[in-house]
Amino acid sequence: MGTTDGLRGPEIWIRGPVTVPDPTSAAAPAPMPSGSSVTPRRFSWVATHGGAGTSTLAAVYGGHDSGRGWPGAGDPPSVLLVARTHAAGLESVLRTLEVFRRGEAPAGLDLDSVVLVADAPGRLPRPLAQRVRAIEDVIDVYRVPWVTEWRLGDLGGNPPRETAPLARLTGAPGGSPR
């Protein structure tokens, strides 16, 4: 069983530099021109292992399903890594995060966050919850609960309300009371 020791370190490895506003500057963000519409950022879902759920997530939240491959030249370069919450899935996410940390991911890709899809209904066992916390220490993590309807092939309707932050990130409709 691997450890997360190789992932500990400055958050700049994954999240990028943080800029601090100049307190002497009174400049406010420029207002949006009237009549302009903001389009949601486009994403590529990248599975860190087989069966992670990228096809389902792309169908429900939009975006490009890269499967287990890297996004291609015409695909959105902003990456959402996807894994199930079982032990093998969490280990695969840690390995893929290490690829980004070492700078070995294809040039031009921007790792945005990790999306963890429940591998079963109910709460995670303690050892798996601890692994999730280790991942959350280095990157933003969005959690997707078990959705029986998705397992049965019903991808219609709004995403579960627990995923409202992910829906906002991807520009998908808000959560529903599933």
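Here is a friendly set of questions and answers about a predicted model of a protein chain.

Reader: Let's start with the overview. How many helices and strands are there in the protein chain?
Author: Reading from the N terminus, the elements of the protein chain run α-β-α-β-β-α-β-α-β-α-α. The totals for the protein chain are six helices and five strands.

Reader: How many bridges join E3 to E4?
Author: E3 has a partner on the other flank too: strand E1 (residues 44-47) pairs with E3 in the parallel sense over four bridges. With E4, E3 also runs parallel. Along that pairing, Leu-81 stands opposite Val-114 in E4, and Ala-83 stands opposite Leu-116 in E4. The number of bridges joining E3 to E4 is seven.

Reader: Which residue in E3 does Ala-47 stand opposite?
Author: Ala-47 belongs to strand E1, which covers residues 44-47. E1 pairs with E3 in the parallel sense, and E3 spans residues 78-84. The residue in E3 opposite Ala-47 is Val-82.

Reader: Is Ser-78 buried or exposed?
Author: Ser-78 lies in strand E3, and that strand is mostly covered, with six of its seven residues buried. A residue counts as buried when its relative accessible area is under 20%. Ser-78 has a relative accessible area of 4%, so Ser-78 is buried.

Reader: What is the separation of the C-alpha atoms of Ser-78 and Asp-110?
Author: Leaving aside its neighbours within four places in sequence, Ser-78 is in contact with Arg-41, Arg-42, Phe-43, Ser-44, Asp-110 and Asp-112. Ser-78 and Asp-110 are 32 residues apart along the chain. Even so, the separation of their C-alpha atoms is 4.7 Å.

Reader: Are H3 and H4 roughly parallel or roughly antiparallel to each other?
Author: Helix H3 (residues 87-101) and helix H4 (residues 126-136) pack with their axes 10 Å apart, at an angle of about 15°. Angles under 35 degrees count as roughly parallel. The crossing is left-handed. H3 and H4 are therefore roughly parallel.

Reader: How many nonpolar residues does the contact of H3 with H4 have?
Author: From H3, the residues that meet H4 are Ala-87, Leu-90, Glu-91, Val-93, Leu-94 and Leu-97. From H4, they are Leu-128, Arg-131, Val-132 and Ile-135. By class, this contact has no polar and two charged residues, and the number of nonpolar ones is eight.

Reader: What covers the buried residues of H4?
Author: The buried residues in H4 are Leu-128, Ala-129, Arg-131, Val-132, Ala-134 and Ile-135. An α-helix has 3.6 residues a turn, so residues three or four places apart point the same way. Strand E4 is itself mostly covered, with seven of its eight residues buried. What covers the buried residues of H4 includes H3, E4 and E5.

Terms used. Residues are numbered from 1 along each chain as its sequence is written. This is a predicted model: local features need pLDDT of at least 70, side-chain atom pairs count only at pLDDT 80 or more; totals for chains, interfaces and linings use all residues. Side-chain values use heavy atoms; hydrogens and water are left out. Helices (H or I, at least four residues) and strands (E, at least two) are DSSP runs, numbered from the N terminus. Buried means under 20% relative accessible area, exposed over 50%, partly exposed in between (1.4 Å probe, protein chains only). Contact means heavy atoms within 4.5 Å. Two strands pair if DSSP finds at least two bridges between them. Axes are lines fitted to C-alpha atoms, for helices over the stretch in contact, and angles run from 0 to 180 degrees between N-to-C directions. Angles under 35 degrees count as roughly parallel, over 145 as roughly antiparallel, 65 to 115 as roughly perpendicular and the rest as oblique. A crossing is left-handed if the near helix is turned anticlockwise from the far one by less than a right angle, and right-handed if clockwise. Ala, Val, Leu, Ile, Met, Phe, Trp, Tyr, Cys and Pro count as nonpolar, Asp, Glu, Lys and Arg as charged, and the others, Gly among them, as polar.
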